[in-house]
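Student: I would like to learn how to read a protein model. Could you take me through one, feature by feature?

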Amino acid sequence: MGSRPAEHSDSREEFREFAVASQGHLRRSAYLLCGDWHFAEDLVQMAFDRIYRHWNRVRAADNPGAYARQVVYRCFLDSRKKHLDTVPLEHLPERASPADPTETRLAVMEALKQLPPRTRAVVVLRYWEDMSVEQTAGILNISQGSVKSMASRGLGLLREPLAGFAEASGRAGAGVRKQT
């Protein structure tokens, strides 16, 4: 066999521990990108495959978790490029998890699905992952100006469906205080 560090049992165990510890957060982030739990799991598995192949460099990095997030986002964007010519079949929406079955979460998820993939990635990184403009630009390999314009456009595109949800559910103006 070779002497590659990823094949060494300590390295494998270290990678396994990293994967177990980070998979929940990565899976939730991937779900926000694609809106499908099964595809989110696939994205995380693709990311772990890429990370394992370069585990030597990844574990030496300052923040392997940030690197893993970047790989998940890039796997998502790569998957969207490969399927541009396919037409998705209509399917029933997935049910919310029993732990968090709120109407608001479902409305936000449905609105996120309507965004273009790269814009969705920017919105999720900026407002779900709470990343800075600089961090988002680095992860997606785009300019900071592109991050700002896509975030602005994405929020604008989310306002209309979510405003309709707020009106329909009687939440219009909730959180906005009247000046007296």
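Student: How many helices and strands are there in the protein chain?

Tutor: The protein chain has 8 helices and 0 strands. Both are DSSP runs numbered from the N terminus (helices are H or I with at least four residues, strands are E with at least two). Along the sequence the pattern reads α-α-α-α-α-α-α-α. This is a predicted model, where local features need pLDDT of at least 70, side-chain atom pairs count only at pLDDT 80 or more, and totals for chains, interfaces and linings use all residues. Residues are numbered from 1 along each chain as its sequence is written, and side-chain values use heavy atoms, with hydrogens and water left out.

Student: What share of the residues in the protein chain is buried?

Tutor: Of the 180 residues in the protein chain, 34% are buried. Buried means under 20% relative accessible area, exposed means over 50%, and partly exposed lies in between (1.4 Å probe, protein chains only). Contacts are also worth a look, where contact means heavy atoms within 4.5 Å. Among contacts in the protein chain with a separation of 6 or more, 67% join residues 24 or more positions apart.

Student: How are two packed helices described?

Tutor: The description uses the angle between their axes and the distance between the axes. Axes are lines fitted to C-alpha atoms, for helices over the stretch in contact, and angles run from 0 to 180 degrees between N-to-C directions. Take helix 1 and helix 2 (residues 37-53): their axes come within 8 Å and cross at roughly 140 degrees. That makes helix 1 oblique to helix 2. For the cut-offs, angles under 35 degrees count as roughly parallel, over 145 as roughly antiparallel, 65 to 115 as roughly perpendicular, and the rest as oblique.

Student: Which residues make the contact between helix 1 and helix 2?

Tutor: Helix 1 contributes residues including Phe15, Phe18 and Leu26, while those from helix 2 include Trp37, Leu43 and Phe48. By class, this contact of helix 1 with helix 2 has 15 nonpolar, 2 polar and 4 charged residues. Here Ala, Val, Leu, Ile, Met, Phe, Trp, Tyr, Cys and Pro count as nonpolar, Asp, Glu, Lys and Arg as charged, and the others, Gly among them, as polar.

Student: At what angle do helix 1 and helix 6 pack?

Tutor: Helix 1 (residues 9-34) and helix 6 pack at about 140 degrees, with their axes 9 Å apart. Helix 1 is therefore oblique to helix 6. Ser29, Leu32, Leu33 and Cys34 of helix 1 meet Arg120, Ala121, Val124 and Trp128 of helix 6.

Student: How far apart are the axes of helix 6 and helix 7?

Tutor: The axes of helix 6 (residues 117-128) and helix 7 (residues 133-140) are 10 Å apart, at an angle of about 140 degrees. The contact includes Leu125 of helix 6 and Ile139 of helix 7. In the loop between helix 6 and helix 7 you can find Asp130. Asp130 has a positive phi of about 60 degrees although it is not a glycine, and with 66% relative accessibility it counts as exposed.

Student: How many disulfides does the structure hold?

Tutor: In general, a disulfide is a covalent bond between the sulfur atoms of two cysteines. The structure holds 0 disulfides, counted as pairs of cysteine sulfur atoms within 2.5 Å.

Student: Is Cys75 buried or exposed?

Tutor: Cys75 counts as buried, at 1% relative accessibility. Cys34 is buried too, with a relative accessible area of 15%.
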